[in-house]
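Okay, thanks for coming, everyone. Let me put the structure up and then walk you through a few parts of it.

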Amino acid sequence: MIYLDFAATSPVYDTILKNIEEMYKKYFYNPSSKYYPAIQAQKFYEMQRERVADVLKVKKDSIVFTASATESNNLVLKGLNYKDRQKIVVWALEHKSITAQFETLKKYGVKIAIINNKIGVVKEDDVLNLIDNNTKLVCIMGVNNETGALNPIERIAEQIKKYDKDILVMTDIVQWFGKLEINLENVDFATFSGHKIGGLRGCAGLYVKNKEKLHSVIEGGGHEFGIRSGTENIIGAYSLAEAAVISRKKYMENWGYLMKLKEILVHFCKENGFLINSPEESIPYIFNFSTGRIPSEVLINYLSSKGIFVSSGSACNKGKSSSVLKTMGFSDIVVNSSIRVSLHPDTRLEDIEHFCHEVKEGVEKLAL
Ligand code: PLP
């Protein structure tokens, strides 16, 4: 089996799987309880918050645990106060968990300005041209989940704050977190998820620089600084922190190797006349290309029959063609024949070579 769909989800690291049984037994208590083992559980939980904060180089109390990045993205956009400023500036290629909220936000009176660009990467001027004194928030993801485009979010955030420090900056770093270092100095909100980096499903987080900027969408017992009520998921928090630490080390140590794998894919596409959809400025572990000859689904099924698992884009598209590639202005043929390959530092070189071999053979067999 060759799994090349790590951007959709990733297998849980063995260390985490090994540890969780013992941890569930040791820390099953409700951390809000006041007896000794519950206090220990609370301490353990807070330790995980600190570990996540360390990965992001931010203060411990700025980390809010949630159950998914989808939830984190909703907590920010729906939790802002739009009384003083009504405009949000959003990149056109954001994940569904951002764009699906537009209709609801419009009902709150929010005006949405879209950063539309064809090159698939946001430039500082694209943002500076759209912000004004009615802008509440700028929302730009760090790494695009379909193309791997790497946005210069740190520089953009700095420019936004220079223009007006009261404009809030939000970034979805789901495909960045635990893989690349990030400087959140000028960022107000960042969202991330455990299952993309070898943690359990149902553990995710939200970085909030200033908690007063958010009101709670989920009301209840006031957990997570009142931002996200619900009994704490202690083991989930552990798996998020542990996965982030393991993943970051692996990606940092193997960055050059991942670049080499990407070069093989680039060379393969050029040699066979396939179009590369990932922009120049992209990370090495997500690569998107189109054969232009075979519908994505047909090639994905063919590869699946050979034990190779890839996707055509975001898992959240549920079989629909990629709106990201459409928005980037690619033709229907390109959009409908796209393949996304997403890698892990443990991906073997021979797996990539085998993938290339099977794609070539599949295209030769299946093309009309
Ligand atoms: N944002 C991006 C960029 C993603 O790739 C995903 C997952 O596909 C999400 C948000 C949603 O993450 P979750 O599955 O934790 O809700």
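**Strands, rings and a cavity**

So, let's start with a pair of serines: Ser290 stands opposite Ser338 in β12. Before I go on, some housekeeping: this is a predicted model, where local features need pLDDT of at least 70, side-chain atom pairs count only at pLDDT 80 or more, and totals for chains, interfaces and linings use all residues. Residues are numbered from 1 along each chain as its sequence is written, and side-chain values use heavy atoms, with hydrogens and water left out.

Back to the strands. When I say helix or strand, I mean DSSP runs numbered from the N terminus, H or I of at least four residues for helices and E of at least two for strands. Two strands pair if DSSP finds at least two bridges between them. With that, strand β10, residues 286–290, pairs with β12 in the antiparallel sense over 5 bridges.

Now, is β12 mostly covered or mostly uncovered? Mostly covered: 5 of its 5 residues are buried, and buried here means under 20% relative accessible area, with exposed over 50% and partly exposed in between, using a 1.4 Å probe and protein chains only. Ser338, Arg340 and Ser342 point one way from the strand, Ile339 and Val341 point the other way, and all are buried.

Let's move to another strand, β6. Why do I call it largely enclosed by the rest of the structure? Because 5 of the 5 residues in β6, which runs over residues 168–172, are buried. Both faces are covered, with Leu168, Met170 and Asp172 on one side and Val169 and Thr171 on the other.

β6 has a partner in β5, residues 135–139, and those two run parallel over 3 bridges. Leu137 is the residue opposite Leu168 in β6. To get from β5 to β6, the chain goes through helix α7, residues 153–163, in a right-handed β-α-β crossover. Right-handed means that, with the strands pointing away from the viewer, the path from the first strand over the helix to the second runs clockwise. β6 also pairs with β7, residues 189–193, again in the parallel sense and over 3 bridges. There, Asp172 has Thr191 in β7 as its bridge partner.

Okay, rings. How many aromatic pairs do we get? The count is 13, where rings of Phe, Tyr and Trp (its six-membered ring) pair if their centres lie within 6.5 Å, and planes under 30 degrees apart count as stacked, over 60 as edge-to-face and the rest as tilted. Take Tyr3 and Phe6: the ring centres are 4.9 Å apart and the planes sit at 80 degrees, so that pair is edge-to-face. Tyr3 is partly exposed at 23% relative accessible area, while Phe6 is buried at 10%.

Phe268 and Phe274 are edge-to-face too, with centres 5.6 Å apart and planes at 70 degrees. Phe268 is buried at 6%, and Phe274 is buried at 7%. Ring pairs then link Phe268, Phe274, Phe287, Phe289 and Phe355 into a cluster.

Phe6 comes back in the next bit, the cavity. The largest cavity is lined by Phe6, Ala7, Gln175, Lys179, Tyr251, Tyr285, Ile286, Ser342 and Leu343. For cavities, we use a 1 Å grid over the protein atoms alone and look for a set of points where a 1.4 Å probe fits but cannot get out; lining residues have an atom within 4 Å of a point.

Last topic, backbone angles. Most residues other than glycine have a negative phi. Lys57, though not a glycine, has a positive phi of about 55 degrees. Lys57 lies in the loop between α2 (36–56) and β2 (63–66) and is exposed, with a relative accessible area of 53%. Phe225 is another non-glycine residue with a positive phi, near 60 degrees. Phe225 is in the loop between β8 (204–208) and α8 (234–253), and it is partly exposed at 35%.

That's my tour, so over to you.

Terms used:
1 Å grid on protein atoms, 1.4 Å probe; cavity = no way out; pocket = protein on both sides within 12 Å on 5 of 7 lines; lining within 4 Å.
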